[in-house]
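Please open the structure in your viewer and keep the sequence panel beside it. The tour below moves from one selection to the next and says what is there at each stop.

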Amino acid sequence: MPHVVIDFSAGLEASFDMDLLCKSVFDALILDVEINAPALKIRARPQPYFHIGTEPQTFTHATLYLLAGRADDTKARLSDIVLHAMDAVLPSVGSLSVDVRDMNKTAYAKRVKG
């Protein structure tokens, strides 16, 4: 069920392998006991319009969505895992950040084939 949505400054895909970024974040997270590997989903999307206050003017921000109920220390550990995976693939990007968001267990719905 966990989802990771990675937003990045458009143009980075010309210099960095965003498929490798998705795979690296996936591979790092599935090693944690809190993550259900078959349900983990990673996606990345370029953001064409942005401005940040640091140089270089490039960023990557990951949002990790989890069903509500995890402890803060667990969320911090998972955030750190994602940040380290991003830094390994994107060492020269100006700003890397991660946020963890709770998803409402009652309202979350999904359908999986196969």
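## Before you select anything

This is a predicted model, in which local features need pLDDT of at least 70 and side-chain atom pairs count only at pLDDT 80 or more, while totals for chains, interfaces and linings use all residues. Residues are numbered from 1 along each chain as its sequence is written, and side-chain values use heavy atoms, with hydrogens and water left out.

## The sheet

Begin with a cartoon view, in which helices (H or I, at least four residues) and strands (E, at least two) are DSSP runs numbered from the N terminus. Select S1, S2, S3 and S4, and you will find 4 strands that form an open sheet of mixed pairing in the order S2-S1-S3-S4; two strands pair if DSSP finds at least two bridges between them. S2 and S4 stand at the edges with a single partner strand each, so one side of each has no neighbour in the sheet. On average, neighbouring strands of this sheet are turned by 15° against each other, direction ignored.

Zoom in on S1 and S2, which run parallel and are joined by 7 bridges. At this pairing, Ser 9 stands opposite Gln 47 in S2.

## The helices across the sheet

H2 lies across S1, S2 and S3 and runs at about 145° to S2. H3 lies across S3 and S4, and runs at about 145° to S4.

## The nonpolar core

Which residues have the most contacts inside the largest nonpolar core? Select Val 4, Leu 21, Val 25, Leu 29 and Ile 42, which hold that place in a core of 25 residues. Such a core is a set of buried Ala, Val, Leu, Ile, Met, Phe, Trp, Tyr and Cys residues joined through side-chain atoms within 4.5 Å, where buried means under 20% relative accessible area, exposed over 50%, and partly exposed in between (1.4 Å probe, protein chains only). Strand S1 (3–9), helix H2 (18–29), strand S3 (59–67), helix H3 (72–89) and strand S4 (95–103) each supply at least two residues of this core.

Centre the view on Ile 42 next, taking contact to mean heavy atoms within 4.5 Å. Leaving aside neighbours within four places in sequence, Ile 42 is in contact with Val 4, Ile 6, Cys 22, Val 25, Phe 26 and Leu 29.

## Salt bridges

The structure holds 6 salt bridges, each a side-chain nitrogen of Lys or Arg within 4 Å of a carboxyl oxygen of Asp or Glu. Select Arg 45 and Asp 7, a salt bridge in which the closest N and O atoms are 2.5 Å apart. Because Arg 45 lies in strand S2 (residues 41–47) and Asp 7 in strand S1, the pair ties together parts that are 38 residues apart in sequence. Arg 45 is partly exposed, at 42% relative accessible area, whereas Asp 7 is buried, at 13%.

Move on to Lys 75 and Asp 102, whose closest N and O atoms are 2.9 Å apart in another salt bridge. With Lys 75 in helix H3 and Asp 102 in strand S4, 27 residues apart, this pair links distant parts of the chain. Lys 75 is buried, with a relative accessible area of 15%, while Asp 102 is partly exposed at 42%. Apart from neighbours within four places in sequence, Lys 75 is in contact with Arg 70, Val 100 and Asp 102.

A further salt bridge joins Asp 99 to Arg 101, the closest N and O atoms being 2.4 Å apart. Asp 99 is partly exposed at 24% relative accessibility, and Arg 101 is likewise partly exposed, at 45%.

## An aromatic pair

Rings of Phe, Tyr and Trp (its six-membered ring) pair if their centres lie within 6.5 Å, and planes under 30 degrees apart count as stacked, over 60 as edge-to-face and the rest as tilted. This rule gives 1 aromatic pair. Select Phe 50 and Phe 59, whose ring centres are 5.3 Å apart and whose planes stand at 70°, so the pair is edge-to-face. Phe 50 is partly exposed at 31% relative accessibility, whereas Phe 59 is buried at 13%.

## Last stop

Finish at Pro 91, in the loop between H3 and S4. Is Pro 91 buried or exposed? Pro 91 is exposed, with a relative accessible area of 59%.

Key. Axes are lines fitted to C-alpha atoms, for helices over the stretch in contact, and angles run from 0 to 180 degrees between N-to-C directions.
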